[in-house]
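This report describes selected features of a protein model, from strand pairing to backbone geometry. The sequence and coordinates are shown first.

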Amino acid sequence: MKVLLSWLREFAPIEGDPAELADHLSDLGMAVEEMRVLPPLDGVVVARVAGLRPHPEADRIQLVDVELPGASGEGTRGALQVCCGAFNMSVGDLVPLATVGTTMPGGLEIGERRLRGQLSQGMCCSAAELELGADADGIMILPSDFELGASLMSQLGLDGDVLYDLEVNPNRPDAMSVAGVARDLAARLGVPFRIPEPAVDETGADVSTVASVKIVDSDLCGRFGVRVIGGVSIGSSPLWMQARLTLCGMRPINSVVDISNYVMLELGTPNHTYDLALVPGGHLGTRRSAGGESVVTLDGAERELLRGDGVIVDRDDRLIGIAGVMGAANTEISDGTTDVLLELAWWDRLSITRTSQRLGLRSEASMRFERGTDHELVPIALDRFCELLNRVTPGGVSVCRGRLDGRGELPESTHVRVRPARMSHLLSQSFTASQVRALLEPIGFACEPAAGDLTAALEVTVPSFRPDVVTETDVAEEVARHYGYGKLGRTVPRSPEPGRLTPTQRLRRELRRVLVGAGSSEAMPNPFLAPDALRRAGIEGTEPVRLLNPLATEESVLRPSLLPGLLTAAAYNTSHRNDTVSLFEIGVVFGQPAPDEPLPTETERLGVIWSGGEAADAVHLWDLIVSAFGLDAALTNAGDLDGMHPVRAAQVMLGGHAVGVVGEIDPVVCERHGLAQRCAWLQVDVEPLLAAASTAADRPYQLVSTYPSSDIDLAFAVPDDVQASQVRDTLVAAGGDELRSVELFDVYRGDQMTSGTRSLAYRLRLQADDRTLTDAQAAEIRQRCIDAVESTHDAQLR
Amino acid sequence: MPAVNGPATDADLDTLLADIDAARSQGLAAIAAALSTDELAQVESGLFGRKSALGPIKQALGSLAPDQRAGVGRALNEAQQELRTAHAQASDELAAVARREQLQREWLDLTETPPGPERGHLHLVTQTTERLEDVFVGMGFTVSEGPQAETDWYNFEALNLPAAHPARSMWDTLYLDLGERTELGDGEGGEASNVLLRTHTSPVQIRVMEVQPPPIYTICPGRVFRRDTADASHMPVFHQLEGLVVDRGISFADLAGTLEEFTSAYFGRSISSRLRPSYFPFTEPSAEFDITCVICEGAGCQTCQRTGWIELGGCGMVHPNVLTNCGIDFEEWTGFAFGFGIDRLALMRHGIDDLRDMYSNDIRFLSQF
């Protein structure tokens, strides 16, 4: 929302340093995104066209003799000569002349120069060049009463003006108008605020003889005001108005459209004008659409209406507008319009929101209706329109007597009981009733009783322009806002409990550090996948959760596995000549909801990819995690795991349940992703892992024996289909208490072994806590271990 | 060796002394001939102890008459001493030689070492989140978590954002297609299912308030989703941290004070905070939460558009409707909530211009931090 300081001053005597005013506006919740003190542009002055001559060498440029008091130049009779590419002026016109030495708003410096041999001693300016209007084709033709030689900005009343660009919050419909901003600022500065009463000279017929209004759906339209203005001649609006509109971001079109916009910006009241001649009987009706109808709007597009959309219809139920959103082409004002039917209505916010969002038609008008307009301003805004149109139309217009004022359901005015004690509590600042009142009344909140007990509750009536305020807490915000957020105190409350992370949160942090210590770096791949990403990653038979409204098909599936994302990350690094990287992620994967559950399943997983790593690397990494968290885990070789190498992969078992996979990624999958090397992979569910985890902090001391230990090496010929971990488990079980560790120190396959078997050599360390083991005791343990392995696994001691 | 029994003749004594002398000479020669520590060790048994050349003489000493014993014993001791000294000297010399040779063999240029294993790196989002968590834990907060896919109730309605609330357009929402289970919100636009990816971590606040009676002091860091095209400052997937306090007598001043304490704890004493009126459906009064520009420390620079302040996040007193939706009596309990983006803090701290770089998963990025 852009506002000009000069415009604000039409409602309140606002004085002060522009930057300080900006701070006040921000502190009131209307953040100043940009403040622009308009350049004085002293070098751009009002000049008269004294002569027009063709350029001898160029068709597209003419020579303009411009007359300025006291100037003498190359032009005829001592006028300045300017080369100009526009041809819209006539001798005698007043135009803005940027004299030599002027710096234009866009940064161009005007110098004396020659164009195809002809001297140019300045520049005649278009509105666009001065950033005062949209017209870039023609030179601005200035009103004949402008003072020759005077600065253009001073003649336009913009000299030293300040433009504020405000960020207006959705709960502040009042701040979507110059008057509303002025009201807030005036209250802060302690100066009076007033919306001037428009002066309307009603010279036409009684409005009820030329127009009528009918509200069919009263929940849609709360108020429908109409005025009729005759004797209109469509022309340009005055330059001061064009300049204000342009500076505030609206394009000047013609007098009627410009005034419509001007009134909307000024009072926050969107309005619509119809050519009365195109509206039979001047009848305007409004109803909700039943659907199945369409209308061509002012932008030339045909719009289909759905059930519930608000529409404007004429006497014959022909659509002539979409309520609060956009008018129809069939009743549009044209150059030939002489009688204007002016509509100023109050619409139900939600209806307008729904229709404008659905049609993608968010206009300045719909934005204001969506936030809620002030129905009490309807008569004032109607009159303001008439006043302005009368003022800008040469010879004036003929305004019909009276207004039509159709009524539907308007919101009841809101009364809120405000307790000073509650204000004081919420804001931690002692407020008396009179202090609250003093803050609220300047912004239009009426407070009862007007005087009395300082601590008694106030009955506050919320003004119609603040539909967002409905509760005592909402009023507290107004009190705080006008008191000043910065002036409220600062205290720090203390929780009765100490702050802490949960055990899971601490363990999750530790898990990350184990991985970092093992050389893996944390990645955060996109959790959205392309539909074929799963197939490419070798994941079959999973029905992933899909997005209903993805931004792109490539990001339309919620990942059911961390594999595709980390594959992409590894591939990215490989393609950037970093082909050996270890990346991990701890993140959520999604699955179809369980029966009777509304939400998809979310499983937190750890995934590690290691391009250039082998299955053993992945197992080592997992072993690190196992030892860091004291897990009782096992691996079970498996050949049919999603995306995994058919013969180099295992399931990770924890407490008898499969919680993940470890090994290498299927070479076919690697190849699809441009990964030429082997790729190690680990993916486990985090929740069971951390649930089973203990850290050093949790463990009791295990006595370190002071008695000597002895080692026994045993090598077995073991069939390939027996996992080494099974042999190990058997050894551990058979060894008993005195078997302190088992280490697989050699694996041999080759000539000395029969096909289908390999040699597994284990080193067993024996030790007792309370005595030195005798040779006989050691031999007995050794035999127990041999017997157990041979009898359990079809294995042979070598 | 003469068999001596009883007092020895002078000739016997002479022989004994000559034997001692010979053993000494032989021993010294053997020591001198040893060229390595090993060789020295081999000759050692011939020099000292019972089986050495001097051993029998020592044994014979006992059978000599006391007056004779003194002279022979002195010679014997001298010879032994001489041999020990020579042996120790040779041993030292040979050890020094051996060490010199060993060092020569083992010479190493340590800068020739090929690169070994490297440590990994935590993602900047994790590092930033953990730092933030630590600050808040120090201030007495717990850390709460919740699902990333949410129902419309938790993400919007419970937060005082009923269906068709115009402020819903403040969040571009990604909805989930759960097949036949998908319930469309209003049956018209076709875009609103009742299950979505949370657009903020506020639903976690609702879930906390539902199960935990006040007092509540918690933060909810986590991943959030918006239907935004990725650019230098937006990602469809990013991270937020929200805080919630509900207790008796909580006031707006408690909000301002808590944010100020957080600001100086996280950014340093030179950075302070301010609140400006704003609007959020779930808080009232609402505020925008600014901090001193961390680049210029308030002097005014390009980053802060010469204001000296940068906008960090939103905050406010928990809206009474939100407390009511969670079964909390807003006359008895009041609260405040705040939230800001984690990703942006990471960018600010490290001077990263483009948010997308943080999600490139490029090891050249990750390994910098």
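## An open sheet in chain A

In this predicted model, four strands of chain A form an open sheet with antiparallel pairing, in the order β38-β39-β37-β40. The edges are taken by β38 (739–748) and β40 (796–797) of chain A; each has a single partner strand, so one side of each is left without a neighbour in the sheet.

For β40(A), strand β37 (residues 710–719) of chain A pairs with it in the antiparallel sense over two bridges. Phe716(A) has Leu797(A) in β40(A) as its bridge partner. The loop between α20 (775–793) and β40 of chain A holds Asp794(A). Asp794(A) is not a glycine, yet its phi is positive, at about 55 degrees. With 61% relative accessibility, Asp794(A) counts as exposed.

## Enclosed strands of chain A

Strand β10 (residues 162–167) of chain A has five of its six residues buried, so it is largely enclosed by the rest of the structure. Strand β1 (residues 2–4) of chain A runs antiparallel to β10(A) and is joined to it by three bridges. Strand β2 (residues 31–37) of chain A also pairs with β10(A) in the antiparallel sense, over six bridges. Leu163(A) in β10(A) is the bridge partner of Leu4(A) and also of Arg36(A).

In a regular strand the side chains alternate between the two faces of the sheet. Strand β14 (residues 272–275) of chain A is covered on both faces: His272(A) and Tyr274(A) are buried on one side, and Thr273(A) and Asp275(A) are buried on the other. Four bridges pair β14(A) with strand β21 (residues 340–347) of chain A in the antiparallel sense. Within β21(A), Val340(A) is the bridge partner of Asp275(A).

## Overall form of chain B

The secondary structure of chain B consists of twelve helices and ten strands. Its radius of gyration is 44 Å, whereas the globule rule gives 21 Å for 369 residues; chain B is therefore more spread out than a compact globule. Along the principal axes, the C-alpha atoms of chain B fill a box of roughly 135 × 55 × 45 Å.

Of the 369 residues of chain B, 53% count as buried. When contacts between residues at least 6 apart in sequence are considered, 65% of those in chain B join residues at least 24 apart.

## A loop histidine in chain B

His234(B) is located in the loop between β5 (216–225) and β6 (237–247) of chain B. Its relative accessibility is 37%, so His234(B) counts as partly exposed. Apart from neighbours within four places in sequence, His234(B) is in contact with Asp228(B), Thr229(B) and Leu355(B). A distance of 18 Å separates the C-alpha atoms of His234(B) and Thr129(B), which are 105 residues apart along the chain.

## Backbone geometry in loops

Two cis peptide bonds may be noted. One runs from Glu448(A) to Pro449(A), with omega near -10 degrees; Pro449(A) lies in the loop between β25 (446–448) and β26 (458–461) of chain A. Another runs from Pro214(B) to Pro215(B), with omega near 5 degrees; Pro215(B) belongs to the loop between α7 (202–211) and β5 of chain B.

Arg116(A), a residue other than glycine, has a positive phi near 45 degrees. Arg116(A) lies in the loop between β7 (113–115) and β8 (118–120) of chain A, and at 58% relative accessibility Arg116(A) counts as exposed.

Key. Residues numbered from 1 in each chain as written. Chains lettered and ligands numbered in written order. Predicted model: local features only at pLDDT ≥ 70, side-chain atom pairs only at ≥ 80, totals over all residues. Heavy atoms only, no water. Rg over C-alpha atoms; globule rule 2.2 N^0.38 Å. Buried < 20%, exposed > 50% of the residue type's maximum accessible area, 1.4 Å probe, protein only. Contact = heavy atoms within 4.5 Å. Pairing = 2+ DSSP bridges.
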